Amino acid sequence: MMRAVLTAIALLVVGVVGGLIGLVLVKGLPGVSGSLLWSAAERLGEAGGLRPVLTSTVVIVGGAILLVVPIGLSAATWLQEYAPPSLWVEQVRRLIEALAGIPSVLYGLFGFSLFAVGLGWGWSHLTAMATLALMLLPMVIQTGAEALRTVPDELREGARALGATRWETVRYSLFPAAAPGIVTGVLLALGRALGESAAVLLTAGGDLRQPQSLLDQGRPLAAHLYHLTILDADPNRIWATAAVLVGLVLIVQLTASWLGARLQR
Amino acid sequence: MKLRIEQLTVDYGGNPVLHGVSLAIPDRQVTALIGPSGCGKSTLLRALNRMHDLYPQIRVGGRVLLDGRDVRRLAPEELRARVGMVFQRPNPFPMSIWANVAFGPSLFGLAGRELDHLVERSLQGASLWSEVKDRLDQDARGLSGGQQQRLCIARALALEPEVLLMDEPSSALDPGSTRAIEELILALKERLAIVLVTHSMAQAGRVADHLALFVGGRLMEEGRPHEVLGRPRTEAARQFLTHAT
């Protein structure tokens, strides 16, 4: 009986998610074309293509990932491998968990005050990039620390018993063993960054010209979709833009599971 | 004597596990540490290469001398290169067979052709070369349990240690692989001191030159295997041996 109920719930969940993705792709894919992807935007994005939007997406999301991965993994390594077990470290862990749960719009507000106003970067790719990096940081730390935690102690002791220092143990024994979890975590963060709208709406500005510098304003995909929706743009264009976004997120997620499984072997 | 243990005490977060153990480990012989579970034999073994340093809650007192020198005066990395260790369960790194064996020496800067030769020599020393020589680039985790354990021995041998600590190295292996490990131990003692923790009295009888029997964190008996196993002097040792054999 319980088994049937659980199966029904699982099928319902899969059905809803599958239906959502299916709907976006069915309604949007017919509108996706080479010219939509590569040509410049016109009339506030209601006509023309997505080139500046895709450029901003790649720059902002890519930059955020490049910023967050080294910092996040260093913090994860410190927490998991170096920090002595203490109440203080436990509080840091809790704080990171709490930070992961903060709504992204608050990161947007914080990023705007700190980077746009405080540091004078204004609405720009750089501001959005730093804000996204900050937003993803707790997630990357958590998944990185978790990946390191699951490495059996035998590998730690094995490396130390061969004369490796703590850092050599982390670098040559633990990172390779934790790689599947670390890579999956980073790609999930990438997926989240691609789909993020609130934090970038408040920090990237909304310009649709092809960006020339990191201090130019920009409009990444999720934010562009939001703008199109409130502008009441042509529904076909909205669905097509949504399909591009969903396609990108799907590619990242599928890459995450494929790479995770491949590294596991 | 290769190693001399003097009044060694170990406690785990306030719980004493070893109470003032003194023992000498001769060179080019197999010294087997036996005793019931929890008697402190693995704890003693891990004090010899300072593995306890990795855990801040563990306190070690007394002295361990390697060739007359207190091991605490050596850098832990240097000590562990000189005193190798093989664990109860094979623990190959998630990398190729070659990279596993090269791991230790490359940390100390060895590279190129010299390293290739050393990897080959170590695998030969662990009686594994003929089985893996055509697949050195394959993932070490694909080997059988017995082969993985011999790989771990080869990995330790690649540092050309003077002492090899083995913590129940065949307890997770089938009888065939256990025999291979025992033959290897007998071959290796020609060139280094071996300290073997084992649960098996039969194994201790087959490979050990010297036995040390522990009960409750204390050294109860030591001597030649036939003396310790055949004519125990203490009641605690007699009781353990009656139940163990």
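**Entry 1: what I am looking at.** I am working from a predicted model, and I keep that in mind throughout. I started with the secondary structure of chain B and found 10 helices and 10 strands.

**Entry 2: overall dimensions.** I checked the radius of gyration next. Chain B comes out at 18 Å, and a compact globule of 245 residues would be near 18 Å, so the two agree. I also looked up the box around the C-alpha atoms, which is roughly 55 × 40 × 30 Å along the principal axes.

Entry 3: How much of chain B counts as buried? I get 55% of its 245 residues. The accessible surface of the chain is about 10400 Å², and carbon and sulfur atoms make up 47% of that.

**Entry 4: contacts along the chain.** I took the contacts in chain B with a separation of 6 or more and asked what share joins residues 24 or more positions apart. That share is 67%.

**Entry 5: charges.** I counted 30 positive and 28 negative side chains in chain B. The centres of these two sets lie 3 Å apart.

**Entry 6: cysteines.** Cys39(B) has 1% relative accessibility, so I put it down as buried. Cys152(B) is at 4%, and therefore I list that residue as buried too.

**Entry 7: positive phi, Asp67(B).** I went through the backbone angles for residues other than glycine with a positive phi. Asp67(B) is one of them, with phi of about 50°. Where does Asp67(B) sit? I find it in the loop between strand 4 (58–66) and strand 5 (69–70) of chain B. Its relative accessibility is 43%, so Asp67(B) counts as partly exposed.

**Entry 8: positive phi, Glu160(B).** Glu160(B) also went on my list: it is not a glycine, and its phi is positive, near 50°. This residue belongs to the loop between helix 6 (145–157) and strand 7 (163–167) of chain B. Is Glu160(B) buried or exposed? I noted it as exposed because its relative accessibility is 52%, and the cut-off for that class is over 50%.

Technical notes. Residues numbered from 1 in each chain as written. Chains lettered and ligands numbered in written order. Predicted model: local features only at pLDDT ≥ 70, side-chain atom pairs only at ≥ 80, totals over all residues. Heavy atoms only, no water. Helix = DSSP H or I, 4+ residues; strand = E, 2+ residues; numbered from the N terminus. Rg over C-alpha atoms; globule rule 2.2 N^0.38 Å. Buried < 20%, exposed > 50% of the residue type's maximum accessible area, 1.4 Å probe, protein only. Contact = heavy atoms within 4.5 Å. Areas by Shrake-Rupley, 256 points an atom, 1.4 Å probe, with all protein chains shown as cover. Lys, Arg positive; Asp, Glu negative; His and termini not counted. Charge placed at Lys NZ, Arg CZ, Asp CG, Glu CD.
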